[in-house]
Amino acid sequence: MPEPTKKEENEVLAPAPAPPPEEPNKEKEAGTAPVKEPNKEKEAGTAPAKEPNKEKEAGTAPAKEPNKEKEAGTSPGKDEEDASPPGGLPPGLGSRALERKDSEWSIGESPVGEEQDKQNANSQLSILFVEKPQGGTVKVGENITFIAKVKAEDLLRKPTVKWFKGKWMDLASKAGKHLQLKETFERHSRVYTFEMQIIKAKENYAGNYRCEVTYKDKFDSCSFDLEVLESTGTTPNIDIRSAFKRSGEGQDDAGELDFSGLLKRREVKPQEEQPEVDVWELLKNAKPSEYEKIAFQYGITDLRGMLRRLKRMRRVEKKSAAFARILDPAYQVDKGGRVRFVVELADPKLEVKWYKNGQEIRPSTKYIFEHKGCERIMFINNCVLTDDSEYYVTAGDEKCSTELFVREPPVMVTKQLEDTKAYCGERVELECEVSEDDANVKWFKNGEEIIPGPKSRYHIRVEGKKHILIIDGATKADSAEYSVMTTGGQSSAKLSVDLKPLKILTPLTDQTVNLGKEICLKCEVSENITGKWTKNGLPVQETDHVKIVHKGRIHKLVIANALVEDEGDYVFTPDDYSVTLPAKVHVVDPPKINLDGLDADNTVTVIAGNKLRLEIPISGEPPPKALWSRADKAIMEGSGRIRSENYPDSTTLVIDIAEKDDSGVYHINLKNEAGEAHASIKIKVVDIPDPPVAPNVTDVGDDWCIMTWDPPLYDGGSPILGYFIERKKKQSSRWMRLNFDLCKETIFEPKKMIEGVAYEVRIFAVNAVGISKPSMPSKPFVPLAVTSPPTLLTVDSVTDTTVTMKWRPPDQIGAAGLDGYVLEYCFEGTDDWIAANTELIEKTKFTITGLPTDSRIYVRVKAVNAAGASEPKYYSQPILVKEIIEAPKIRIPRHLKQTYIRRVGEAINLVIPFQGKPRPELIWTKDGAPIDKNQINIRNSETDTIVFIRKAERSHSGKYDLQVKVEKFVETASIDIRVIDRPGPPQLVKIEDVWGENVALSWTPPRDDGNTAITGYTIQKADKKSMEWFTVIEHYHRTSATITELVIGNEYYFRVFAENMCGLSEDATMTKESAVIAKDGKIYKNPVYEDFDFTEAPMFTQPLVNTYAVAGYNATLNCSVRGNPKPKITWMKNKVVIKDDPRYRMFSNQGVCTLEIRKPSPYDGGTYCCKAVNDLGTVEIECKLEVKVIYQGVNSPGQPVFLEGQQQVLQL
């Protein structure tokens, strides 16, 4: 059994509808040339044969009609029953083959390599197939699969594939238990795979097959052969009709490959009787080069199948053991006749059974069985068309088969067609009569068969024996020779269709229309015919702009909005007539002036000195004539400074080197045959403005001034848009622009000038044309500023008649300096300010005298310089002129609230503010005793007291108390002062021990610590030989130390300095004894330290967590582990180690372990475990992974999830 062709994994049944069998221009099949349906060419390379009035058919001369007199003298019954098929068909192929003459049968295998060469050429021209189905061989009862592949890279949808047996038998209708059609699509390679599988092949399945693929306008086909071999070793029964077996409905073999319906009737003219010829004998004895000639001559269409059978018959010559004589390959009988089947048995004792289409035949009045010796005979009486089947007889384990053809009597034409003449558009009927009712009749036009249909103009009506061909709306193309053909005769007639005489009822007329109006060209002729419109010799196409109307005999050409382009010569020409209807269309348009490009008042501005070229679009048909004028004076075309230029679609005014006097109103006049148009344009010549007058500086500040100016006398014909201001230092020639945005006003405030420096300013005027020349500079000015207001105005003291005020100088004084202050006051309830001083006050304190007791006054102070008085500084509230007792209060500075430390020799200057009125009494004490004013200076004022010591000594340390008294109110405060000095040396330094290269020292702290804590010690060593001291340890806090790395053999002295925050002690205490580093001294053994054990059993520092994943998206599981030695990591799923699986990737970086699952599926869900192992132990950790799948917006566990592009997304 041959191996079936490879198939894709997913299979989809895809039967395709079959095309109509008469589809013209079929492609080559099985290597043959294309065959046209009506005018069929010879198959397998023969010349085309004409259908009606056929010339040689199958290589013979045209058959002549039998002599009617001879027909009358013969026995009709015998002629009908024993007549041989026309054209010399072999016995058994009588009317059966005649009925199927129009079937498209494959020619079969070429006896030479010509067919293979054609097939290879066809393969090279393939445009859709990637892989074509190949021919194959299969044994009876076995399966075979044919595969075709189509590349889908350039296809937008699935192509259509059809499978055929022979030329046009669509196998989609035969799909069943013996035939399956499947299709698959591979997304990665984008290849469509189409399969045809034949299941349990039978002998009659052999033949030529074809696969066709279509996609839009692309088409490709491929032919291949199937050879079915006998499964037994017996000689096959040669059956010329086995490939055309009929399938009966309701039988067991229903749905098998049944091709008897492929045969069309082959109508030929009746011929004289010819002796029957055995085609098998001819083929067996002929040369291979003559096979096609014999097949065509005797009407054999399945030559390939016959050749394969002939090949098997030659190859297998084994005789039958059961049958001495087998059935003939085929039998033929007329409808209603009787047929006799005879076999001869080798053993008369064998039991014989007869079968029809696989069903056993029982004796009846229709089927009669006879036994004559070894002969077994079966008669079939009164044969009908249903008896046309395959029959076989069995004897023991062997059988032989045959095919019975039931022939119908030929149908004759009793009434011939008649020649007919008609006019175009009329209904034509061609009528004939045949010898039988409802007979099968075919109509032809010029030899091509007429196929009626719902959209066809040809209709066929049958009324018993009468057959009528109806042509609706005949045209000249219908003029032809029409013929009718039956199984027993034919008739032909000529149809001539002419045009009716045409009369022009309403001709076209010339038209003149305005632009934008409707153009309607209308004509009427005597016939309802179509026609064509042309314009200037070119065809007119219907658009949204142009409408072509045909209603009955009236033809219109309508243009809704006439354009200039629509002007021309229009001609209407009726189809099929040489008559023309001309008309001229002239489109006119009144002149128009387009001023849309100008402003609202049609003003054009030009800069003086520039050239003006003003182009005004105009329109009109015919083109209008333009005339420019100014003040009733025409502007002519020419070469003057002011001139006009005219064009078909525009007119232009040109002014060379515009001047101020060219300003004015200019007029345009247009005129053509459709009308006139007028317009006026105002031309304005503008220039830069005159320079402004020199500006005036009206006010000056510290870094600013205020300047004003007047607009220029002439603005240049364009409004002043603004001004630019520049300044410079008087001694400089470099001007600097002060504003980059135009100043719209005639006042400006320059800023950021240097106080005390002389400046000048100037102005530029700006209009739409440009910037004027600069104005004359202003008079020089110097920016000077008053000072800022004085600060910190406070009441110093109040008596019953005076108020003493004090303040601080202004924060900003400026270049003008500060000349003094003016102190003013006013009584509460009035606004009259009275100057307290007649001359400027230079100090920041002043006493206002002569005030009434118990009055209330407001006070302010001003600073005065050369620029004037500053803004006043007000005291915030009214002052009561009355002396008030204020309880004392001492304000100790923050740095004196803790111990005040100073070194010996430094100065001490302490300022302690206080409050109290009247002036309080101050008492200083030290450690409870009065202060010695010879050592400590005390200075008191009204607001503070100062303690001053020029050179501090340690005796000045102590607690200082301050007492402030105002009458009975007392306030006290204390200050701790500590005077520190460098410490004394340590009291005693001893050498405690000497070993190896080391010396142990100890000492006692110094008696004098310098009035502050000891912060450390400095140790030095000196070799006895040189006595040069070297520092060994600095800032050492303990009173004992070990000196190392001494030189063996040397003798050392050591000394120690004490240290506090003032520094090292002036002297150092030295050891009395020396330390000798002996060469053979004690051996110092370094202590032995055990190595630290860093080993550790594995331990997870971050566990795995349960995770949800979406199917198709990568998922990761993470944990972290530590251990020494580094543990070995193993991942498991459901207690099974994951190893060498490409769907998993494992990472380990710095103790972080990661398992990546690539595009998981629900199968990947489960319990995952991470295992860490080293020499000290093993540890495991687990987690669960659940994989969710999204099915059309639903998450697998049951919660709805919206897909991409919707508002809701999956939340894990």
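Me: Where is serine 957 found, in terms of the numbered strands?
Reply: Serine 957 is found in the loop between strand 67 (944-949) and strand 68 (958-966), where strands (E, at least two residues) and helices (H or I, at least four) are DSSP runs, numbered from the N terminus. This is a predicted model, in which local features need pLDDT of at least 70 and side-chain atom pairs count only at pLDDT 80 or more, while totals for chains, interfaces and linings use all residues. Residues are numbered from 1 along each chain as its sequence is written, and side-chain values use heavy atoms, with hydrogens and water left out.

Me: Is serine 957 buried or exposed?
Reply: The general idea is that a residue is buried under 20% relative accessible area, exposed over 50%, and partly exposed in between (1.4 Å probe, protein chains only). Serine 957 has a relative accessible area of 18%, and therefore counts as buried.

Me: What does serine 957 touch?
Reply: A contact means heavy atoms within 4.5 Å. Not counting residues up to four places away in sequence, serine 957 touches Lys926, Asp927, Ile977, Arg978, Val979 and Asn1011. The side chain of serine 957 also reaches the backbone nitrogen of valine 979, at 2.6 Å.

Me: How should I read the order of strands in an open sheet?
Reply: Two strands pair if DSSP finds at least two bridges between them. Here an open sheet of three strands has the order 49-48-51, and its pairing is antiparallel. Strand 49 (736-737) and strand 51 (759-767) stand at the edges with a single partner strand each, so one side of each has no neighbour in the sheet. Strand 48 (residues 720-729) pairs with strand 51 in the antiparallel sense over nine bridges, and tyrosine 723 stands opposite alanine 765 in strand 51.

Me: Which residue forms a salt bridge with lysine 728?
Reply: Side chains of opposite charge can pair when their charged atoms come close. A salt bridge is counted when a side-chain nitrogen of Lys or Arg lies within 4 Å of a carboxyl oxygen of Asp or Glu. Lysine 728 forms one with glutamate 760, and the closest N and O atoms are 3.4 Å apart. This pair links distant parts of the chain, since lysine 728 is in strand 48 and glutamate 760 is in strand 51, 32 residues apart. Both lysine 728 and glutamate 760 are buried.

Me: Which residues make a nonpolar surface patch?
Reply: Patches are made of residues with over 30% relative accessible area and no salt bridge, where like charges are joined within 9 Å and nonpolar side chains (Val, Leu, Ile, Met, Phe, Trp, Tyr) within 5 Å. Leu515, Leu563 and Val564 make a nonpolar patch of about 200 Å². Valine 564 lies in the loop between strand 35 (554-559) and strand 36 (568-574), and valine 564 counts as partly exposed because its relative accessibility is 35%.

Me: How many helices and strands are there in the chain?
Reply: The chain has seven helices and 89 strands, and buried residues make up 41% of its 1212 residues.

How values were computed
Accessible areas come from the Shrake-Rupley method with a 1.4 Å probe; for residues, only the protein chains shown count as cover. A polar contact is a pair of N or O atoms within 3.5 Å; within protein, one must be able to donate a hydrogen and the other to accept it, and residues adjacent in sequence count only if both atoms are side-chain atoms.
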